[in-house]
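I opened this structure for the first time today and kept short notes. The entries follow the order in which I looked things up.

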Amino acid sequence: MELQDGERLRAWEAQNRVTPVSKFSAVAFGIRSSYPFPMIKSQFHPHVLHLGIAAAATVSLLGGITSAALAQSRTQVVNVYSGRHYNTDKELYAEFTRQTGIRVNLIEGKDDEMIERLRREGSKSLADVLITVDAARLQRAKDLNLFRPIQSAALNRDVPANLRDPGSQWFALTRRARPVMVNPSNVNLGLIRSYGDLARPELRGKLCMRDRSSVYSQSLTADVLQRAGRATTEKWLKGMVANVKQPFFTSDTPMLRAVGQGDCGAAVANTYYLARLLTSDNAADQANAKKVRVVWVKPTHVNVTGGGVTRHADNPDGGRRLLEFLSSPTSGEGYAAANNEYPAKGWGNNATLRSFGTFTASPVTIQQLGQRNREAMQLMEQAGWK
Amino acid sequence: METSAHPPSTIAAVSPAVGHSRWALSAAACAIGILALLPLLALFWDAVFAEQPSPLGLGYSGAEQIQGTLLLVLGEGILGAVLGTAIGWVTASCRFPGRRLLRRAQLVPMAFPAYLLAASLIDWGSYQGLRIHGLGWAVLLLTLANYSYVFLLSTESFSASGHRLLDASRSLGVGPWAGFFRICLPIALPSIGAGVTLSAMEVVNELGAVRLLGVPSLSAGILDRWQVEGDPKGAALLSLVALAIVAVLIAAERLLRRRSRRWNLESPSRVERAWGLRGWRALLAQLLCLLPPLAAVTIPALWIQQGWPNLQAEPLTELVQLAGRSVSLALAATLITAGAALLLAICVRWRPAAPVRLLSWVAGLGYAIPGSVLALGLIVFGGPLGLSPLLLLVWGYGDRFLTVGKQGLDAALERIPPSMDETATSLGWSWLGVLRRVHLPLLRGPLLVGGLLVFVDVVKELPITLALRPFDFDTLAVRVFQYASDERVGAAMGPAVLIMLFGLAASLALVPSLERHD
């Protein structure tokens, strides 16, 4: 009897193709592959599993209860899609709720995905406000018809004209300056007066840059392109890329550490990354960042965080009020300070930023930056910017 | 070994027609297949009928991305195969001090997602003046995160098959090395191939790590084309290339499977036939088995130690909320996925007709599709319909991880002899009765373990969650990603540690199944 069963099972296995993958499953899933035939036993003690399930259910219930939103009238709620994610933002939103009684619901994500999601949801979207980082993204959201024009004296007053859409569809909320950062022991501070100087042969092998997929690199190039024209930009790109110490960096913080360590002589980076390292609780980061000097090239490229009220907003009025709140001199400063950025107007009160001094911002408008983005990317690719 | 003397019959052929309820079963399976396929169909429909006319072409960057992914798959495949096989053989066929512990330790790297390894190594390296960048590092890190697949499969093969041949060869004076290369390795080759295939699919799907390391890849290219460049046709074209690579991998794996069948008929012997290692050989074996798990633990540990002063503890209530959402989403996805997997597996058992088998295969395709692509597909048709984001989210998880839940069930069902079903059916039970009173009690183990794997995969999952979650619904993985992409490493640490703990707990749950083969 024993033998017959064994033969039969083997035949069954052969017929059913006991494969390596199913063998993997047998290993991974705890199936008893040795015979005695035919019992399959769980490798787990049932009580342990029940306990685990009960614990998991409790935890999830807790999470569900705490995150449960109270049903509120639609005018009392503003839904925000945001590319920013700073915990201090939430304190600002809470302050907005205290002042206006309007609650802020938030989805924070990657900027491009937020835009795509808004576009796909169309008129069904629950979002009232889209907040995103970078000129080209704001312009793209406008081109995709995701924003609606809003009339607001407060916004027109608090946001300079070159930092908002001429059609009043989006408004900058904070500024991100991108000067040159230099390690003086490696590169003569007087050598660099403008972005054009980054192509100087003295910098060969000493310059570090972010990669092409970074929006900061793209809008820097768009800035130069708008001011200097195509031919000059091509020449500049060629010289500068030749100077770059490969490989290109995928983030600013390691790049700034490399400048401090003397691995790079100069780099182009946003000031808030340096400010973050300078105020870090990590002694090594602080000491390293103190070796880095900010060189305010003339004019300095500025990018923005900006927002607008969505085309299909159910509460456009609440959305407008939120934007007004975030760009107002008092709370706008908090919105910028959360990430050591500059407010839309003025220099803010951030002590670290003030220690860097002030700068002459590029005359190129945010709209122009967005419009030249695609051409800039093409030129960068041609020049071999990885 | 010849089996044709007693041809086993399929259940469908012999079972009496008890009730028409099997049609309900087929219909349910069909529904699952269609639901799984819907996002993909929507995606290609959308790409083909895209509003903006874009020239169909991949361009220079497309070629670069294809090359990048191919090199990654190749590099990780070779390195992972060598490492996984070497450790698999040494721990299965040799005896040395600490072997048991080291064997279990091979499951540890599974707990660490590649994107966490990459992010922490890059950050730690930048303090030391080390540039962690490029293809070489990407291959190393992806190998570390994925070689366990090869190890698990090959070691099972080494300890389970080829004993008689090996005994015979030893009696003819064949030594350990020759025994490995001439007997064990050829026998285990299909298992190794299957392991490499599984890990290669993970590599094709990898997004976070390759981005951070600056390696151009198909998964990143697809997303950028779609979202940044507004070129859905180009994105669909690149997805097709990704699917083609996966199809080649699956085909290769099936070819190897066919070869493997003949090796599985040997009954296991209980004779002790391990090679004892002493002195420097034992030391070498210990080093080989120790280094990869040690590296997997050390990288995040170094990072945490280095970034400790920066640690900004998330408020406890916030952490509990994040973990609560991660866990509740994972629980819901696990229940749905396990249910769907069970239905499909049972349906294939009762109706092993070609279309049903095909359907069950197609439903499992989600595993091979990058999560970000799947999420786009769900948004494409879910957005205009105004479907609830939570529904889409769980749908996406189910689609992506159905295979993970189903593989264990398939394997377990194959091991339940048809005579059981036949007996039950002859007593007048319908498929539902057989399921409840025969299959379910026998499948409880694999169902629970499969569910556990799905659970942890969902907790670690990033692209689908990021793209589809509703308002104020961040999870652990989402928070880690946001902090890491803002380059705020200190803040990312708390949620990251929680994810790794979940992963460790799950990989520990696999230990008993490894032990069984000792």
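**Entry 1: a helix pair in chain B.** I started with H3(B) and H12(B), which are oblique to each other. The model is a predicted one, and I read everything below with that in mind. For the pair I looked up the angle and found about 130 degrees, with the axes 10 Å apart. H3 covers residues 59-93 of chain B, and H12 covers residues 279-307 of chain B. I noted the crossing of H3(B) and H12(B) as left-handed.

Next I listed who makes the contact. H3(B) contributes B:Leu83, B:Ala86, B:Ile87, B:Val90 and B:Thr91. From H12(B) come B:Ala285, B:Leu288, B:Cys289 and B:Pro292. Sorted by class, the contact has eight nonpolar residues and one polar residue, with no charged ones.

**Entry 2: one cysteine.** I then went to B:Cys30, which I found in helix H2, residues 21-48 of chain B. Is B:Cys30 buried, exposed or partly exposed? I counted 15 other C-beta atoms within 10 Å, so B:Cys30 is partly exposed. Buried would take 20 or more, and exposed 12 or fewer. I also checked B:Cys30 against B:Ser360: the two are 330 residues apart along the chain, yet their C-alpha atoms are separated by 8.7 Å.

**Entry 3: chain B as a whole.** I recorded 22 helices and two strands for chain B. Of its 518 residues, 55% are buried. I looked at contacts in chain B between residues at least 6 apart in sequence, and 86% of these join residues at least 24 apart.

**Entry 4: chain A as a whole.** For chain A I wrote down 17 helices and ten strands. Chain A has 386 residues, with 52% of them buried. Of the chain A contacts between residues at least 6 apart in sequence, 77% join residues at least 24 apart.

**Entry 5: the sheet in chain A.** In what order do the six strands of the open sheet run? I read the order as E2-E1-E3-E9-E4-E10, with mixed pairing. Strand E2 (103-108) and strand E10 (342-343) of chain A are the edge strands, each pairing on one side only. I then picked out E3 (residues 129-133) and E9 (residues 302-309) of chain A, which run antiparallel and are joined by five bridges. For A:Val129 I looked up the bridge partner in E9(A) and found A:Val309.

Definitions and conventions: Residues are numbered from 1 along each chain as its sequence is written. Chains are lettered from A and ligands numbered from 1 in the order in which they are written. This is a predicted model: local features need pLDDT of at least 70, side-chain atom pairs count only at pLDDT 80 or more; totals for chains, interfaces and linings use all residues. Two strands pair if DSSP finds at least two bridges between them. Helices (H or I, at least four residues) and strands (E, at least two) are DSSP runs, numbered from the N terminus. Two residues are in contact if their C-beta atoms, placed from the backbone, lie within 7 Å. Axes are lines fitted to C-alpha atoms, for helices over the stretch in contact, and angles run from 0 to 180 degrees between N-to-C directions. Angles under 35 degrees count as roughly parallel, over 145 as roughly antiparallel, 65 to 115 as roughly perpendicular and the rest as oblique. A crossing is left-handed if the near helix is turned anticlockwise from the far one by less than a right angle, and right-handed if clockwise. Ala, Val, Leu, Ile, Met, Phe, Trp, Tyr, Cys and Pro count as nonpolar, Asp, Glu, Lys and Arg as charged, and the others, Gly among them, as polar.
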